Structures are given as structure tokens and as C-alpha cells.
Amino acid sequence: MNFFETSRQVTVLGAGMVGVSCALALQAKGWHVTLVDQRNPGEATSAGNAGVLSRSSLLPFNRPGLWQSLPRMLLKPGPSLQVRPSALAHFDFMWRFLWHARRQSFDITTVALDGLIQLSAQTHKAWLAQSAVQHRLRENGWLWLFQNDAAWRGSAFSREVLQEFSVAAQALHGQDIQSLEPHLSSQFQHALWIQDASSVDNPGEVVKAYANQFVKQGGVFQKSEVRALQKQPQGWQWTDASGSPHWTPNVVLAMGPWSESLLKASQLPSDFKAHMAFERGYHRHFKPVAGVTLQRPVYDTAGAYVLSPMVNAEGAPVLRMTTGVELAGRDAAPNAQQLEAAENAARRAIPLKEAVEGSDWLGSRPTTPDSRPVIGEMPQCPGLWLAFGHQHIGFSTGPGTGVLLAELMAGERTSINPAAFSPARFS
């Protein structure tokens, strides 16, 4: 073991789902961990998602057949994908992303993501109990909704892959859908009930509960903005917004969409480049109509939105609507087009009251060209560990990432094969 491994001191940069998971997993192995973020835990990208923990998330967006559908998607953008002009700055990502829409790459990605998702699901359950928030977990799956026979046939490839992975799912047709969710519109002729799935009623609060547990167990949370990293003879130095230096023998970079820009600003001695782009997503909350219920998240495949029953920070029930993907620059101005289109579709699916004032949210989710996160030590930079690039499934893969990274940092045998996530693939 070298100095970086034996010191057992580490600073984790980023307090979203992934960063908090890395902090908890390292703490469990006896590391002295400091967690750093300019916001409170769970308040950035992790605050806005559908709260779904599902093995069906093993399916990446760049899959076989994407090339054939690409011209239609670009010429007639739909609710599932919007491409903004600011996304063209990531041309290097675009062609690599399309290159990985091959069966060979797809097979590597699905196997890797499935292992990470399953590891995360086990870890989530343990941490929910440890943090005394297991009441937030629902284990009744989620629904994919299809309006007609053509849409159902169009999902054949996805359903076949899920079957190959033995993901528990049940096809529902006609009135069977209303038997499960009585208040959904009869416009949906088919549905796939993904039973190998669970969900939580407030993902941001789950992240905060995990962070509170980390602090309760002796971890340190430091609220500070990180501006740069610098390699030192024995460890690493990170600089905050005031220019003050902070030394740490080991560092974990888990800053989500801000990770690669920090590496660029730091000018480190490595040829690593993840070529990230950003899957931006929106959400909006609605007050539920009295007597109208939704028992589990539902995904309208035509409207490309997910509607999830949740509670807000005050504990009041809301329905969270999350949109499809917007490819755009990380900091580009919001565009409400997808939100409005998704709301119109959602109102046809189930009765909704007015939107909750001030609930509109936008987040940028970091995506790598092969749709796999980067987990491991950065090439040519001993003691600098990477954990980012989880696309739109960071909530489903964060705990597994923490466990895997902690095993790698300890030099232990890993729970899953780490090869597909290695930073070396981008070096």
C-alpha cells in the first residue's frame, strides 16, 4: 500500500446522492471523511428526480436502433428528447455517444449498470433503516404506460432485454391497468408493471437523512465552494472560493455536472477526459385532487414524463412530474417547453389540481458517451478518485457507487466487476 491508501483520511467533494454515498461507504470502512459542498446535502441535482429505484434503469438511451430513429428525432423533436443549440458545444460527446449505440457496447453497459443498480438497491435498504427513514420506501414497483398497440410493439426490444436480465415485470392490458391504478385514464391500452422496482416519497430528504447519519457517526460536513485541485507531494490541495487552501491525503471527486469542469480548471497531470454532456431535466409539483390517488410512479411513454406520488418538505402530499431529456449546455437558460407539454399530457392521464407555486425545477445530469459512470482512481493522479457521470440514474446507482469506490480504495475484492466503470477507458 502507498501513502494515500494507508492514511485513511479522505475529502469527498460533492454532497449529492453519489458524494454522500461515497462518504458513508468510506466511513463504514474506517476512513476519516470530510464531505464538502457549496450547498447543503441533496440540494442540487439530487433534489429533482422521480425517486424510482428500478432494475429497468439498466437500459441506456444510446441503444441499438438509435441511428435509425435519429433523423426523425432531430427533425421532429418530441417530449422524450429536446436538443438545444447550446448542446452543439459538446460535439465530441455526440459522436462518441452515437458510436456506443452498438450491440457490443450496449451489452457491456447493461450488464455493468444492472450490477451497480442491484448493489445500490441492497445498500439503500440498509441505509434507509440506519437513517430511520425506511418509511419513505415503497416496494410496489412502477408502471410504463402505452396508449396503443403500435406503442406497445415499439417497446418490444426493451421488454426483451428486461426479460433477458430476469427483471420481474407483468404485462397489463385494458381494464387490468385500472384495476392496479383506478384513477388513470382509460386512454392507456397497455402497460408494463416493473415489479423489480421501488420508490421513495422524497429523494432529497433521503439524501439529507443519509448525510445526517454520516455526521452523527462522526463525519464532518463543510459548506464551501471548491474552485481548484492541486497535486501535492503527499496528497492533494483544494482551494475554496476565497482562495484558501485545504490539504487532504486523498480526495474523491463526486460533483456531478461540475466534476469535469473542475478537472479542467485544475490542469492536472493526466490525459483523462470523460467528454461529458448534460441530460437536463425539469420537474413540477401538483396538488392532488381529493379522492384521486396514485400508488406508484407511472411513466407515460408517449408524453415522456414520470408522475410520482411524493410528499414535500412539510410532509404535504404532492404529485411530482418529471420531464424527458433536454440536451443543452449545463448552465443554459431554462426552457419551459417540455414542462408545458408534459403537463398537458399528464392532465389527460389523471385529474390534477393547479401546479404548486415555486415548484418548477431544472437540473443538469452528467452523462458520459457510453452511459456508464466513472468510478475509480484518476490515471496519473494517485489519491484522486472519481465518482461522477451517472446520467439520470444517480439516485438508483449512488449507494452502489459508494460501496464499489470504498472497496477499490481499500484494495479489497469488489462486490461487482469495476472494469466497465474504470476512468482508464477515457485516458
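Here is a short chat about aromatic rings in this predicted model.

Author: Residues are numbered from 1 along each chain as its sequence is written. Local features need pLDDT of at least 70 and side-chain atom pairs 80 or more, totals for chains, interfaces and linings use all residues, and side-chain values use heavy atoms, leaving out hydrogens and water.

Reader: Why is Phe-106 called buried, and what about Phe-157?

Author: Buried means under 20% relative accessible area, exposed over 50%, partly exposed in between (1.4 Å probe, protein chains only). Phe-106 has 1%, so it is buried; Phe-157 has 24%, so it is partly exposed.

Reader: Why is the pair of Trp-127 and Tyr-210 called edge-to-face?

Author: Their planes are 80° apart, with 5.6 Å centre to centre, so the angle passes the edge-to-face cut-off. Both residues are buried, too.

Reader: How do you know that the charged end of Arg-102 sits over the ring of Trp-99?

Author: The test wants NZ of Lys or CZ of Arg within 6 Å of the ring centre and within 35 degrees of the ring normal. Arg-102 sits over Trp-99 at 3.8 Å from the ring centre, and Arg-159 over Trp-152 at 3.9 Å.

Note on methods:
Phe/Tyr/Trp six-rings, centres within 6.5 Å; stacked < 30°, edge-to-face > 60°.
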